[in-house]
Amino acid sequence: MSLEAMEQVTKVEEALRQRKSEAAAQAKQLVAQAEREGKQALESIRAQVEAQAKEQMAQAEERANRRAVQLQEESQEACAALRAAARERLDQAAREIVRRVVN
């Protein structure tokens, strides 16, 4: 092989090493960029999910509060009905006692 051919092979090999090095550096940059973008996307999605969870929790609490108020009102109405029935029976019981005592 002539000296010129050897120099040319050496130059080509050096150029290939340089391209390989540049490609490796570019690949590292692309990987780093992809990781950064992935982390940003993950944080964004995480924030959205947290916001949705807070909203759903607030809605659930509101529904639970409305249901609790409704149940309390229903319980108060039922208690009032029971008290009225008890008063009516008390009056009837008092009349029956008086009737039996008098007779």
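Of the 103 residues of the protein chain in this predicted model, 0% count as buried, where buried means under 20% relative accessible area, exposed means over 50% and partly exposed lies in between (1.4 Å probe, protein chains only). Because the model is predicted, local features need pLDDT of at least 70 and side-chain atom pairs count only at pLDDT 80 or more, while totals for chains, interfaces and linings use all residues. Residues are numbered from 1 along each chain as its sequence is written, and side-chain values use heavy atoms, with hydrogens and water left out.

**Fold and overall dimensions**
- The protein chain contains 1 helix and 0 strands, these being DSSP runs numbered from the N terminus (helices H or I, at least four residues; strands E, at least two).
- The radius of gyration of the protein chain is 44 Å, whereas a compact globule of 103 residues would have one near 13 Å; the radius is taken over C-alpha atoms, and the globule rule is 2.2 Å times the number of residues to the power 0.38.
- Taken along the principal axes, the C-alpha atoms of the protein chain fill a box of roughly 145 × 20 × 10 Å.

**Surface and charge**
- The accessible surface of the protein chain is about 9600 Å², and 55% of this surface belongs to carbon and sulfur atoms; such areas come from the Shrake-Rupley method with a 1.4 Å probe, and for residues only the protein chains shown count as cover.
- Ile97, Val98, Val101 and Val102 make a nonpolar surface patch of about 420 Å², a patch being built from residues with over 30% relative accessible area and no salt bridge, with nonpolar side chains (Val, Leu, Ile, Met, Phe, Trp, Tyr) joined within 5 Å and like charges within 9 Å.
- Val102, one of the patch residues, belongs to helix 1 (residues 3-102) and is exposed, with a relative accessible area of 64%.
- There are 18 positive and 18 negative side chains in the protein chain, and the centres of the two sets lie 8 Å apart; Lys and Arg count as positive and Asp and Glu as negative, without His and the chain ends, and each charge is placed at NZ of Lys, CZ of Arg, CG of Asp or CD of Glu.

**Salt bridges**
- The structure holds 6 salt bridges, each defined as a side-chain nitrogen of Lys or Arg within 4 Å of a carboxyl oxygen of Asp or Glu.
- Glu96, which is partly exposed at 28% relative accessible area, forms a salt bridge with Arg99, whose closest N and O atoms are 2.4 Å apart; the two residues are 3 residues apart in helix 1 and so are separated by about one helical turn.
- Arg99 is partly exposed, with a relative accessible area of 44%.
- Glu96 also meets the side chain of Arg100 in a salt bridge (3.0 Å, N to O), and Arg100 is exposed at 61% relative accessible area.
- Salt bridges that share partners also join Glu13, Glu14 and Arg17 into one network.
- Within helix 1, Arg17 and Glu13 lie 4 residues apart, about one turn of the helix, and their side chains meet in a salt bridge (3.9 Å, N to O).
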